[in-house]
Amino acid sequence: MPGEGYRILLGCRRRSEALRACRLTFDQIAGVFALDHQVSPLRLYRYAHGRTAGDVVAAYNDLDPAGTATLRAARFYDYEAWPQAGRRPGAGAIAIFARIYQTTARRLVTDEIYAFYGVRDRDLIDQTDHCHLDAHYRREVSASAIPGTKGTKALPPLVPVPTLCADLLRAVGAEEADVKRRELLFELALLLGGTPALGLLRHLTPPERERLAAAARHQHPIDAATIDVLERLTARLWAMDEASGPQQVLPIAEAKRALVDDILKRGSLAQSLRERLLRVYWSLSHLTGWCHYDLMDYTNAGRRYREGLAAGYELGDPALLAHLHGLMADMAIYQDKWTMSIDHAFAAEGWAKNSGNGLQQAATFSIVARVLSNTRRDGEGLRMLDRAVRLADGSRNGAELRHLFWLEPDRIARHAVFCLIKAGQFDRAIAEAEQKLAKMGSDSSLVKSILRLECATALVKKQEIPAAVEMIDKAAQTVVAHSSARLVHSVRQARAQLHPWEGNRHVRDLDERLRLLSIPV
C-alpha cells in the first residue's frame, strides 16, 4: 500500500475506534468520514472499519457462497475507484461487501453507479441488508398508527411532505436516466406510496407504465391489458411480503387498492372486465388485511377483510368467501377470541365445501383443525388436518386460485405441531416440528420462525430448556429481515414461558441477544 494511503487508513482507524466507543454505527462513521474524504462509498466503509485492502479481499473470498471467489487486491482497487476509473463491481460483489461492512448494499453504491445496474441487480442491491451485524445497530420499533392498535407504523400521508418528495426525486433520478420516463416514473411512484414503489415499478416496461398512468388519470377506458398489469403487480406485492414483511408492502398495497376502488366506482366497464377488476380489489383487500394483521393492527385488518367479503359476495365466489372467513378465524385464534374463531371457522368450512375446489378446502380445513384442536381433545382436529393435507396433495392438477399460490402439502401439515401441543402430545409435536423444519427452504422465513416458536413451547413443556432457547433464538433472528410485529410478539410470548428458569445461563444469554434485536423481555 502506498505510504500516503496507509497514513490515511491509520488516521481513519484511530478516529473510527474513538467514534465506536461513543456507540456510533459504521453507517454513521462512514457519513462522518465522507466530510473529509471525497472517495467512493466502498472506500469510505473500508476506512470506517479500519481495514486494509488485503483484509477485505481475504474476507470477501471467505464469504463467497460458491466458494470459488478469486478476488485480488488490484481488482478490488478497481472497484473502489469506479466510476472515475477502474471497473464497476457486480451486484453480487456489492452484496458480499455489504456483509463485510455490516451495512446495506444500497449504501455502497452512489446514484451514478446504481443507474448502471439492470432490474434484477437493483432488486438484489435494494434487498441486501446486513446492518444487524453491527453491534451498535438498533432495529427501529414501529409506532402505532391508530389509538388502541399495536405495532403498526403510520401510513404515509396521501399528499407526501416535501422531504419525501425530494427523496423520491433523488431515487427516481438514480432509477431512470431518460427525462420523460423519469417524470412518468415519479408520477406512478407518488401514486403508489412513494420510494418503496420503485422496486415494484421497475419490473414494468415503459408501455406498461404508460398504460397504468393513463388508467390513473382516467384518460381512456380500462382494458384487459391494464388489468393484466394490475394483477402482476399484486402478485409481486405478495412476493415482497413473503420476503421482507408488511412494513414496506402495506403503503403500496393500500395506495393500489385505492386506485382500483376509484376505477371500479367510475363504472362503464364491460361485465367481464368488472369481474376481473373486482377480483383484483378482493386480492388487495386480502393483502392489506393480512399486512395489518401481521402488524397487529386488528381493527384495520378486520375492516379490510370485511370489505373483501363484500367483493366476494358481489362476485358470488364461495372460495373467496371461505378464504377470508378462514383468515378472520386465524386472526381470532391469535387474539384468543375462541368464540369468534369458531364462528368464522364454521362459516369458512361451509363456503369451502360449496366452492368444490380442493385447494381452497385444504387451506380452510387447516384453520378449522386448529380451532377444533383448541376446543376439543378427541383428535378431531388432527383428523381434519389429515384431510386437508390429502386435499392439498391431490388438487394440484385441478383449477387453481391465485390467492393459493403458496399452498403446498407441507405448509398445511405444519399445523399438526399446534394441534399436537393442544392435545398434550409434546414428543410428537417436537418430532413433527423438526421434520418439517428440515424440509423447509430459505424462502419460508416467517413460517419457519412461527414453527420454531411452537416447537419451543413443546420443549418448555418437556423442560428441555437449552433446546427451547435455541429455537427461540433462531426464530428471533428473522426479525432482522422481516417486519412482522406478530413475530416479535410471538417471540416475547415464547420467552415468557421461560420465566421459571430466568436464572439459567442459557436464558440469560438469550435475553441479551433479544435486547440487541430491540425485542423487550
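# A tour by selection

Start by selecting Asp-317, which sits in the loop between α16 (298-315) and α17 (318-334); helices (H or I, at least four residues) and strands (E, at least two) are DSSP runs, numbered from the N terminus. This is a predicted model, in which local features need pLDDT of at least 70 and side-chain atom pairs count only at pLDDT 80 or more, while totals for chains, interfaces and linings use all residues. Residues are numbered from 1 along each chain as its sequence is written, and side-chain values use heavy atoms, with hydrogens and water left out.

With a relative accessible area of 13%, Asp-317 is buried (buried means under 20% relative accessible area, exposed over 50%, partly exposed in between, with a 1.4 Å probe and protein chains only). Show its surroundings: leaving aside neighbours within four places in sequence, Asp-317 is in contact with Arg-279 and Gly-312, where contact means heavy atoms within 4.5 Å.

Next, go to Asp-336, in the loop between α17 and α18. Asp-336 is exposed, at 53% relative accessible area. Its phi is near 60°, a positive value in a residue other than glycine. Most residues other than glycine have a negative phi.

Now select helix α18 (residues 338-355) together with helix α19 (residues 358-375); the two pack at an angle of about 150°, with their axes 9 Å apart. Axes here are lines fitted to C-alpha atoms, for helices over the stretch in contact, and angles run from 0 to 180 degrees between N-to-C directions. The pair α18 and α19 is therefore roughly antiparallel (angles under 35 degrees count as roughly parallel, over 145 as roughly antiparallel, 65 to 115 as roughly perpendicular and the rest as oblique). On the α18 side, the contact includes Trp-338, Ile-342, Ala-345 and Glu-349; on the α19 side, Phe-365, Val-368 and Val-371 are among the residues involved. By class, the residues of this contact are eight nonpolar, seven polar and two charged; Ala, Val, Leu, Ile, Met, Phe, Trp, Tyr, Cys and Pro count as nonpolar, Asp, Glu, Lys and Arg as charged, and the others, Gly among them, as polar.

Move on to Leu-453. Apart from neighbours within four places in sequence, Leu-453 is in contact with Ile-472, Ala-475, Leu-487, Ser-490, Val-491 and Ala-494. The largest nonpolar core has 63 residues, and Leu-453 is one of those that touch the most other members, along with Leu-407, Ile-472, Leu-487, Val-491, Leu-498 and Ile-519. Helix α24 (residues 445-461) gives this core its largest share, 10 residues. A second, separate core of 59 residues includes Val-172, Ile-263, Leu-278 and Leu-324. A nonpolar core is a set of buried Ala, Val, Leu, Ile, Met, Phe, Trp, Tyr and Cys residues joined through side-chain atoms within 4.5 Å.

Then turn to helix α5 (residues 73-81) and pick Glu-80. Glu-80 counts as buried, at 3% relative accessibility. Not counting residues up to four places away in sequence, Glu-80 touches Ser-40, Leu-42, Arg-43 and Arg-46. Ala-74 is also placed in helix α5, but counts as exposed at 55% relative accessibility. Draw a distance from Ala-74 to Ala-53: their C-alpha atoms are separated by 9.2 Å, at 21 residues apart along the chain.

Finish with Pro-83, in the loop between α5 and α6 (91-100). A cis peptide bond joins Trp-82 and Pro-83, with omega about 10°. Most peptide bonds are trans.
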